[in-house]
Amino acid sequence: MVADVVGLSFGILIVLGGVIGFLKSNSTASLISGLVFGALIAVTTQYAATHAQGFNLLPAAVCLVLGLIMGSRFLQSKKFMPAGMVATLALAMFVRYTLKYF
């Protein structure tokens with residue numbers, strides 16, 4: 001079984017970020033979005049790693065959506081942590097998966 005350690009680590013990081021956001025600010029939105037996006041990234045990453053090359057676009061799409069959402073939050077708040085960092089990492093992962101597709 002092949003595993004994409006970088007992608008799975010990113011999914012875990014997103015889940016941990018959601019949990020930390022909940023614990024720090026009592027934000028259920030952070031918890032839910034962290035759990036949902038982290039799980040989606042982990043599942044689609046593992047699916048893409050074990051199937052044909054065309055499935056790399058699944059985690060790429062999830063990362064793009066997360067990057068756009070967090071990028072807009074960064075532009076509104078002008079605070080790099082956490083929105084700017086997550087947007088940057090998510091867009092970097094989007095590029096990674098897109099390059100793996102081609």
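This is a predicted model: local features need pLDDT of at least 70, side-chain atom pairs count only at pLDDT 80 or more; totals for chains, interfaces and linings use all residues.

**Helix α2**
- Let's start with α2, which covers residues 28-50 and so has 23 residues.
- From first C-alpha to last, α2 reaches 33 Å, close to the 33 Å expected at 1.5 Å a residue.
- Its buried residues are Gly34, Phe37, Gly38, Ile41, Thr44, Thr45, Gln46 and Ala48.
- Those buried residues pack against α1 (5-25), α3 (57-77) and α4 (80-101).
- At residue 50 of the chain you'll find Thr50, which belongs to α2.
- Thr50 is partly exposed, with a relative accessible area of 38%.
- Thr50 and Asp4 sit 46 residues apart in sequence, and their C-alpha atoms are 9.2 Å apart in space.

**How α1 and α2 meet**
- The axes of these two helices come within 7 Å and cross at roughly 170°.
- An angle over 145 degrees counts as roughly antiparallel, and therefore α1 and α2 are roughly antiparallel to each other.
- By class, the contact of α1 with α2 has 12 nonpolar, 10 polar and no charged residues.
- On the α1 side, the residues in contact include Gly7, Phe10, Gly11 and Ile14.
- On the α2 side, they include Gly34, Phe37, Gly38 and Ile41.

**The largest nonpolar core**
- This core has 15 residues, and Phe10, Ile14, Ile41, Cys63, Leu66 and Met70 touch the most other members.
- The elements that give two or more residues to this core are α1, α2, α3 and α4.
- Of these, α4 gives the most, with six residues.
- Find Ile41 and look around: leaving out residues up to four places away in sequence, Ile41 touches Gly7, Phe10, Gly11, Ile14, Val62, Cys63 and Leu66.

**Backbone details to look up**
- Pro82 itself lies in helix α4.
- Asn26 has a phi near 55°, a positive value in a residue other than glycine.
- You'll find Asn26 in the loop between α1 and α2, and Asn26 is exposed, with a relative accessible area of 59%.
- Lys78 has a positive phi too, near 60°, and is also a residue other than glycine.
- Lys78 is in the loop between α3 and α4, where Lys78 is exposed, with a relative accessible area of 62%.

Conventions. Residues are numbered from 1 along each chain as its sequence is written. Side-chain values use heavy atoms; hydrogens and water are left out. Helices (H or I, at least four residues) and strands (E, at least two) are DSSP runs, numbered from the N terminus. Buried means under 20% relative accessible area, exposed over 50%, partly exposed in between (1.4 Å probe, protein chains only). Contact means heavy atoms within 4.5 Å. Axes are lines fitted to C-alpha atoms, for helices over the stretch in contact, and angles run from 0 to 180 degrees between N-to-C directions. Angles under 35 degrees count as roughly parallel, over 145 as roughly antiparallel, 65 to 115 as roughly perpendicular and the rest as oblique. Ala, Val, Leu, Ile, Met, Phe, Trp, Tyr, Cys and Pro count as nonpolar, Asp, Glu, Lys and Arg as charged, and the others, Gly among them, as polar. A nonpolar core is a set of buried Ala, Val, Leu, Ile, Met, Phe, Trp, Tyr and Cys residues joined through side-chain atoms within 4.5 Å.
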